[in-house]
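This report walks through selected local features of one chain. Please keep the sequence and the 3D view open while reading.

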Amino acid sequence: MSPAPPPPSRTRIRPWLVVGDLALAAAWVCAGALVKLLVYGPLGFGGRPEAEAVKVSLSIVYMFIFARLEAATGGASYNPLTILAAAVASHGGPAVYLFTAFVRIPAQVIGAVLGVKLIQFTFPNVGKGARLSVGAHHGALAEGLATFMVVMVSVTLKKKEMKSFFMKTWITSIWKNTIHILSSDITGGIMNPASAFAWAYARGDHTTFDHLLVYWLAPLQATLLGVWVVTFLTKPKKIKEQ
């Protein structure tokens, strides 16, 4: 009989990631706002059909940059859903879950709030972020479904251990931008509770039921469901040896 495979290694708690989470979350909201300012300002694409194509192109560029920064920092991220999915998929245990939920995610929220304050101070005409344009339950369904689809692809690529950084980032960025465009007229297609909270905090509606349901509860549940579905579908079959 062949020897049993070694048990999977548990994810370690890395406190230094908190600083990276805060910095990347602040930089992420600034990058998104700067792209919009650039497209509708100096580039002069405001109101023209090609404006969306230019925004998507620029978004893909800074998604590659942030992917490199995430790799360079050893796992820091700008999105609470990313680190939540990683913590659940890694089976790191209660300590990793608690560290993610009560230390890393709050750090990302603080970083995003600081980023919004910085971009609004530097460019007062930057706007006030995406708003919910439908009812709360309709918005929660749209944001949850968009998050579920993005998480499914992201977790699947991670489990497949694709070695090509370019292909992995290219697939992820194209898919995220596609889902963002499809849901942008409903919820803004944010799929990032930290960024959504930061802009809502700047507007003063961050404690409303609609915000909590659409931009927190729905995407968090969709993330957990997405990780569970991918884990179930990619679970290796047990081979009984006689």
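## Gly 111 and helix 4

Gly 111 lies in helix 4, which spans residues 94-122. Its relative accessibility is 0%, so Gly 111 counts as buried. The model is predicted. In this model, Gly 111 and Ala 198 are 87 residues apart in sequence. In space, their C-alpha atoms are 8.7 Å apart.

## Pairs with wider separation

Val 61 belongs to helix 2. Its relative accessibility is 48%, which makes Val 61 partly exposed. Val 61 and Phe 197 are 136 residues apart along the chain, and their C-alpha atoms are separated by 24 Å.

Leu 22 sits in helix 1. Leu 22 has a relative accessible area of 30% and is partly exposed. Ala 146 is 124 residues away from Leu 22 in sequence. The C-alpha to C-alpha distance between Leu 22 and Ala 146 is 24 Å.

## Transmembrane annotation

An unreviewed UniProt entry lists residues 16-39, 81-102, 109-127, 139-157, 178-201 and 213-233 under "transmembrane region". Two of these stretches can be set against the model.

Residues 81-102 are 86% helix and 0% strand. The end C-alpha atoms of residues 81-102 are 14 Å apart. Residues 109-127 are 74% helix and 0% strand. Here the end C-alpha atoms lie 19 Å apart.

## Helix 5 against helix 8

Two packed helices are described by the angle between their axes and the distance between the axes. Helix 5 covers residues 136-160, and helix 8 covers residues 209-233. Their axes come within 7 Å. They cross at roughly 35 degrees.

The crossing of helix 5 and helix 8 is right-handed. What is the make-up of the contact of helix 5 with helix 8, by class? It has 17 nonpolar residues, eight polar and three charged.

## Aromatic pairs

The model holds 10 aromatic pairs. One of them joins Trp 28 and Tyr 78. The pair is stacked, with 3.8 Å from centre to centre and 5 degrees between the planes. It links distant parts of the chain, 50 residues apart. Trp 28 is in helix 1 (residues 17-40). Tyr 78 is in the loop between helix 2 (51-72) and helix 3 (80-90).

Are the two partners buried or exposed? Trp 28 has 13% relative accessibility, so this residue counts as buried. Tyr 78 has a relative accessible area of 8% and is buried too. Another pair, Phe 166 with Trp 170, has ring centres 6.1 Å apart and planes at 10 degrees, so this pair is stacked. Phe 166 and Trp 170 are four residues apart in helix 6 (residues 165-183), so about one helical turn separates them. Phe 166 is partly exposed, at 48% relative accessibility. Trp 170 is partly exposed as well, with a relative accessible area of 37%.

## Ring cluster and a charge over a ring

Ring pairs also build a cluster. Its members are Trp 28, Tyr 62, Phe 66 and Tyr 78. The stacked rings of Trp 28 and Tyr 78 are thus discussed again here as cluster members.

A charge meets a ring elsewhere in the model. The charged end of Arg 68 sits over the ring of Phe 165. The distance to the ring centre is 3.9 Å.

## Met 191

Where does Met 191 lie? It is in the loop between helix 6 and helix 7 (193-203). Phi of Met 191 is near 55 degrees. That is a positive value in a residue other than glycine.

Is Met 191 buried or exposed? Its relative accessibility is 9%, under the 20% cut-off, so Met 191 counts as buried.

Methods
Residues are numbered from 1 along each chain as its sequence is written. This is a predicted model: local features need pLDDT of at least 70, side-chain atom pairs count only at pLDDT 80 or more; totals for chains, interfaces and linings use all residues. Side-chain values use heavy atoms; hydrogens and water are left out. Axes are lines fitted to C-alpha atoms, for helices over the stretch in contact, and angles run from 0 to 180 degrees between N-to-C directions. Helices (H or I, at least four residues) and strands (E, at least two) are DSSP runs, numbered from the N terminus. A crossing is left-handed if the near helix is turned anticlockwise from the far one by less than a right angle, and right-handed if clockwise. Ala, Val, Leu, Ile, Met, Phe, Trp, Tyr, Cys and Pro count as nonpolar, Asp, Glu, Lys and Arg as charged, and the others, Gly among them, as polar. UniProt positions are given in the numbering used here, feature names are shortened, and annotations may be inferred rather than shown by experiment. Rings of Phe, Tyr and Trp (its six-membered ring) pair if their centres lie within 6.5 Å; planes under 30 degrees apart count as stacked, over 60 as edge-to-face and the rest as tilted. Buried means under 20% relative accessible area, exposed over 50%, partly exposed in between (1.4 Å probe, protein chains only). A charge sits over a ring if NZ of Lys or CZ of Arg is within 6 Å of the ring centre and within 35 degrees of the ring normal.
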